[in-house]
Amino acid sequence: MTEPSIFTRILNGEIPGEILAETDRLFALRDIAPQAPVHLLVIPKTQEYPNVAELAAADPALLAELIEFAEKLAVEHTEDGDFRLVFNTGANAGQTVFHVHAHVLGGGLSERSVGA
Ligand code: AMP
């Protein structure tokens with residue numbers, strides 16, 4: 001059996017984490033090492049998809065739910081509701097947790113270019 005990911009362990013209450021909101025199939029965490037004034041993670045409760053490409057291929061409706069939830073969180077947690085959505089995909093792209101998750105970045109990014 002696959003080991004539970006760090007996100008699954010937070011969801012199960014085995015390790016601490018700031019869960020901000022959840023739906024039937026998704027939950028949102030505040031990133032422990034923020035890269036923007038607002039930096040949230042939106043994560044499927046299932047860890048069966050390691051990255052966004054596999055999620056899109058297997059359950060596009062869940063990916064659409066994830067984006068809708070990200071938008072709702074950005075509206076709640078930023079003044080302007082604007083956000084950047086990032087899916088690191090593969091170790092060489094900076095992915096460290098192989099349980100698909102979106103980074104929701106906001107709170108003032110207009111001065112920065114993509115990826116900065
Ligand atoms: P990635 O590098 O795209 O796989 O993203 C993993 C993210 O998980 C990083 O931004 C980490 O800061 C974040 N992270 C790791 N552990 C925790 C935790 N316990 N609580 C919240 N965020 C975490």
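User: Which residues is His 103 in contact with, leaving aside its neighbours within four places in sequence?

Analyst: Contact means heavy atoms within 4.5 Å. By that rule, His 103 is in contact with Asp 31, His 39, Leu 40, Leu 41, Arg 84, Leu 85, Val 86 and Asn 88. This is a predicted model, where local features need pLDDT of at least 70, side-chain atom pairs count only at pLDDT 80 or more, and totals for chains, interfaces and linings use all residues. Residues are numbered from 1 along each chain as its sequence is written, and side-chain values use heavy atoms, with hydrogens and water left out.

User: Where is His 103 found, and does His 103 count as buried or exposed?

Analyst: Helices (H or I, at least four residues) and strands (E, at least two) are DSSP runs, numbered from the N terminus. His 103 belongs to strand 5, residues 102-106. Buried means under 20% relative accessible area, exposed over 50%, and partly exposed in between, with a 1.4 Å probe and protein chains only. His 103 counts as buried because its relative accessibility is 12%.

User: Which side chain does a polar contact join to that of His 103?

Analyst: A polar contact is a pair of N or O atoms within 3.5 Å; within protein, one must be able to donate a hydrogen and the other to accept it, and residues adjacent in sequence count only if both atoms are side-chain atoms. Here the side chains of His 103 and His 39 are joined at 2.8 Å.

User: Which residues come nearest to the ligand?

Analyst: A residue is near a molecule if one of its heavy atoms lies within 4 Å of it. There are 15 residues around the ligand, and Asp 31, Asn 88, Gly 94, Thr 96 and His 103 come nearest. Helix 1, residues 6-11, gives the most to the shell around the ligand, with three residues.

User: Which N or O atoms of the protein lie by those of the ligand?

Analyst: A nitrogen atom of the ligand lies 3.2 Å from a backbone N or O atom of Ile 32. An oxygen atom of the ligand is 2.9 Å from an N or O atom in the side chain of His 101. For the side chain of His 103, the distance from an N or O atom to an oxygen atom of the ligand is 2.8 Å.

User: What about residues in helix 1, such as Thr 8 and Leu 11?

Analyst: Thr 8 lies in helix 1 and, at 13% relative accessibility, counts as buried. A polar contact of 2.6 Å joins its side chain to that of Gln 47. Leu 11 is also found in helix 1, but counts as partly exposed because its relative accessibility is 24%. Not counting residues up to four places away in sequence, Leu 11 touches Ile 19, Phe 27 and Lys 45.
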